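Trainee: I have a structure open and would like to learn how to read its features. Please take me through them in turn.

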Amino acid sequence: MPSVAVKLYSVFFKFLLKQRLQSWIQDPIDESSNPYGVTTRPEESVSAPNPCFTDGVATKDIHIDPFTALCIRIFLPESSLSPPEQSHPKSHLRSSLLDPNSINHRRNSYAPSDTGTPRNDSRRSSLDGLNSRSDNNVYRGYSPQPQKCRKLPIMLQFHGGGWVSGSNESVANDFFCRRIAKLCDVIVVAVGYRLAPENKYPAAFDDGLKVLNWLGKQANLAECCKSMGSGARGVGAEFTKAEVQRHIVDAFGASMVEPWLAAHGDPSRCVLLGVSCGANIADYVACKAIEAGKRLDPVKVVAQVLMYPFFIGSIPTKSETRLANSYFYDMPMCLLAWKLFLPEEKFSLDHPAGNPLILDRSLKRMPPTLTIVAEHDWMRDRAIAYSEALRNVNVDAPVLEYKDAVHEFATLDMLLKTPQAQACAEDIAIWVKKYISFRGNELSY
């Protein structure tokens, strides 16, 4: 059974969230009054972005859509600063991944010396200083002409919160994404999608797909800037007209390209990770990525992780009946959240956003899918049923169930430092490595 502290925190959590949900139900918000949207509630405890590698991960925030509040937070692990020849050897096994001391040792051994290019030498920085840092250890990015560096897979992460709360920059989500970035050795892009009831369905789903398309545009733009090339000229040397035009394009491209992703990201190894309602968004984005096919090149979704997905349906499952009043997110409270998320005229417990098994779509081409469920979560049975449906069409879709765990056990602030949360993150890393490692460097599984 969950601890007494978890039970008490659950009561407090449900009391506050239920009050908020009921106030929105009683005093509806007009969507047209705020088309820009909201991605973070004022009462949310947030963590500021930190471009320093103080704990092995640097972060930055980017607002990617001028017409909405859609934003992302990038988590760049320090291992990305290693040259390709120092990447992880083939002999890494499960035991080395699960040992935190081993992880820290690898990260420290791959970190370059902090002897970056001086700030005032912009020409040298443009040519040599891809992995440059300032005196206070702030990572400054790269030049438009990236040199040899380590390319890491990109993981799109969608936070939970029942459609109406949560944030990509919350303290809990920041902690979780840093943990995943280090364990999986990936660049995590946490998506700040628009929340309900200010923006109802399909706003959050559209935002998730928009970020995936943005990744594709970024990759293509970075490749264009790279192909333009840039030559070093001595003092007083003259540039030809073609070279001047090329440098103008480079300057324009440098202002458009996201430097961390262009220098260190490999969009051909893209993983989706969704937490609670974020898992619903991840599954939708995966489906749309399959439909888009080569139109998304060079982005390729190679796997997805669904952590206690926020699935629902009109025919109750055993867990929905037995655990209706479970911890943190009980069923009556979640029904209120769904009413706030779905437009009134489209409300249905079998809406495609909530019940993936009701959709008339082929699952054969879905990417490998790892499903995480908790023992004391009323949503577990429907998530397991979806995983079984994927396995029936030969999709690699294992289920990991955690004993004595509750909904959001691996991502909720007070539970993040529990052994279960740590074990879950390590299990995700082991499974994901099968699909993001280059051939010959896979983990023993």
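Mentor: Start with the largest pocket, which holds about 620 Å³ of space. Among its 27 lining residues, those closest to its centre are Tyr9, Phe13, Glu44, Leu412 and Asp413. This is a predicted model, in which local features need pLDDT of at least 70 and side-chain atom pairs count only at pLDDT 80 or more, while totals for chains, interfaces and linings use all residues. Residues are numbered from 1 along each chain as its sequence is written, and side-chain values use heavy atoms, with hydrogens and water left out.

Trainee: How is a pocket told from a cavity?

Mentor: Rolling a probe the size of a water molecule over the atoms shows where empty space is left. On a 1 Å grid over the protein atoms alone, a cavity is a set of points where a 1.4 Å probe fits but cannot get out; a pocket is an open set with protein on both sides within 12 Å along at least five of seven lines; and lining residues have an atom within 4 Å of a point. Points are joined across faces, edges and corners, and a volume is the space filled by probe spheres set on them.

Trainee: Which helix supplies the largest share of the lining of the largest pocket?

Mentor: H1 does, with six residues. Both H1 and helix H5 (171-184) supply at least two residues each. Helices (H or I, at least four residues) and strands (E, at least two) are DSSP runs, numbered from the N terminus. The pocket lining divides into 10 nonpolar, 11 polar and six charged residues. Here Ala, Val, Leu, Ile, Met, Phe, Trp, Tyr, Cys and Pro count as nonpolar, Asp, Glu, Lys and Arg as charged, and the others, Gly among them, as polar.

Trainee: How many cavities of 30 Å³ or more are there?

Mentor: The count is one, and the volume of the largest cavity is about 30 Å³. Its lining includes Leu17, Leu21, Phe310 and Cys334. Helix H11 (331-341) and helix H1 (4-26) each give at least two residues to this lining, and H11 gives the most, three. The lining has eight nonpolar residues, two polar and no charged.

Trainee: Is glutamine 304 buried or exposed?

Mentor: Buried means under 20% relative accessible area, exposed over 50%, and partly exposed in between (1.4 Å probe, protein chains only). Glutamine 304 has 0%, so it is buried. Glutamine 304 belongs to strand S6 (residues 301-307). Its side chain makes a polar contact of 3.2 Å with that of aspartate 283. A polar contact is a pair of N or O atoms within 3.5 Å; within protein, one must be able to donate a hydrogen and the other to accept it, and residues adjacent in sequence count only if both atoms are side-chain atoms.

Trainee: What polar contact does the side chain of aspartate 61 make?

Mentor: Aspartate 61 pairs with the side chain of arginine 73 at 2.6 Å. Aspartate 61 lies in strand S1 (residues 57-63) and is partly exposed, at 35% relative accessibility.
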